[in-house]
Amino acid sequence: MHHIVYQSSAVGLPTTAELKFLLRQSRANNQRLHITGLLLYSNGSFLQVLEGQAPAVRQI
């Protein structure tokens, strides 16, 4: 099992609709690649944890 944790900053402040779209897109990609994880957003910053097989995690 491979894990990656990273923090990033949004360009501008995403709307609720944009965040929901990102969540739907992330869930679909993660399911397709058999990846589990966590995505947090607060005040323009994201924190993400991904885990799965190394090639799939690297692809994301």
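In the predicted model, residue N30 has its place in helix α1. With a relative accessible area of 13%, N30 falls under the 20% limit and therefore counts as buried. When its neighbours within four places in sequence are left aside, N30 is in contact with I35, L50 and I60. The helix that carries N30 comprises residues 16-32, 17 residues in all, and it reaches 24 Å from its first C-alpha to its last, which is close to the 24 Å expected at 1.5 Å a residue. Helix α1 is followed by H34, a residue whose phi is positive, near 60 degrees.

The strands form an open sheet of 3 members in the order β1-β3-β2, with antiparallel pairing. Strands β1 (2-9) and β2 (36-42) stand at the edges of this sheet, and because each has a single partner strand, one side of each is left without a neighbour in the sheet. Neighbouring strands of the sheet are turned by 10 degrees against each other on average, direction ignored. Between β2 and β3, the latter spanning residues 45-52, the pairing runs antiparallel and comprises 7 bridges; within it, L38 has V49 of β3 as its bridge partner.

The largest nonpolar core is made up of 5 residues, namely L33, I35, L50, A56 and V57.

For the protein as a whole, 18% of the 60 residues count as buried. Among the contacts with a separation of 6 or more, 61% are accounted for by residues 24 or more positions apart. The C-alpha trace spans about 35 × 20 × 15 Å along its principal axes, and the accessible surface of the protein comes to about 4600 Å², with 57% of this area belonging to carbon and sulfur atoms.

Definitions and conventions. Residues numbered from 1 in each chain as written. Predicted model: local features only at pLDDT ≥ 70, side-chain atom pairs only at ≥ 80, totals over all residues. Heavy atoms only, no water. Core = buried A, V, L, I, M, F, W, Y, C linked by side-chain atoms within 4.5 Å. Buried < 20%, exposed > 50% of the residue type's maximum accessible area, 1.4 Å probe, protein only. Helix = DSSP H or I, 4+ residues; strand = E, 2+ residues; numbered from the N terminus. Expected span 1.5 Å × (residues − 1). Contact = heavy atoms within 4.5 Å. Areas by Shrake-Rupley, 256 points an atom, 1.4 Å probe, with all protein chains shown as cover. Pairing = 2+ DSSP bridges. Axes fitted to C-alpha atoms, helices over the stretch in contact; angles between N-to-C directions.
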